[in-house]
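Colleague: Please show me the model, and then we can go through some of its side chains.

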Amino acid sequence: MPNNSSSSLIYGTVVAVILAVIPYLFYSYEAVPESLWELEALKSVNESFGGDPYVTTWLIMIKLLPALLFFLWFLTCKHWWYHVIIIPFSMYFFQLISVFLPNLEYIDHHEIYFIIPVVIGSLSASYLARIKVFDKIHGIDISEIEDGIRKPSDRFFS
């Protein structure tokens, strides 16, 4: 079993390699063969963007790579507010879905309604983390408050 420093080194190396490859991935739309977009599953996606495979691949890359970068940032961030990184990740994720499902017009027009629960959840988690950090810094015991918050839920799930 590897020790903590070697696993941290491996984890950091994988993240660094992914970040170093990002520019090559972005320009991969120039190297995608046109025959790829002739597959039945991808043909409708390509046709919805005018049939140009370069434009279609470019649109996917400008949605996929920022989502990947936000996801990596979420995984590697050690700050108490890291939950809010999920918000821009979810925006790019829904935009990526709208590229692959161009017939679903309501996703693009009503994307905010899908993101609102993500915003509420991530802000709630970040605020809870902020309270815990504030508690540690100032030595305040908020366990009584946490017990009061948990008790109503215990009624429903006991």
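Modeller: Phe71, Phe89, Phe93, Phe94 and Phe114 form one aromatic cluster. This is a predicted model, where local features need pLDDT of at least 70 and side-chain atom pairs pLDDT 80 or more, while totals for chains, interfaces and linings use all residues. Residues are numbered from 1 along each chain as its sequence is written, and side-chain values use heavy atoms, leaving out hydrogens and water.

Colleague: What kind of aromatic pair do Phe71 and Phe89 form?

Modeller: Rings of Phe, Tyr and Trp (its six-membered ring) pair if their centres lie within 6.5 Å; planes under 30 degrees apart count as stacked, over 60 as edge-to-face and the rest as tilted. For Phe71 and Phe89 the centres are 5.6 Å apart and the planes at 35°, and the pair is tilted.

Colleague: Is Phe71 buried, partly exposed or exposed?

Modeller: Buried means under 20% relative accessible area, exposed over 50%, and partly exposed in between (1.4 Å probe, protein chains only). Phe71 has 36% relative accessibility, so Phe71 counts as partly exposed.

Colleague: Where is His83 found, and is His83 buried or exposed?

Modeller: His83 is in the loop between helix 3 (53-76) and helix 4 (86-100); helices are DSSP runs (H or I, at least four residues), numbered from the N terminus. With a relative accessible area of 17%, His83 is buried.

Colleague: Which residues is His83 in contact with, leaving aside neighbours within four places in sequence?

Modeller: Contact means heavy atoms within 4.5 Å. With those neighbours within four places left aside, the contacts of His83 are Phe74, Ser122, Ala125, Ser126 and Ala129.

Technical notes
Helix = DSSP H or I, 4+ residues; strand = E, 2+ residues; numbered from the N terminus.
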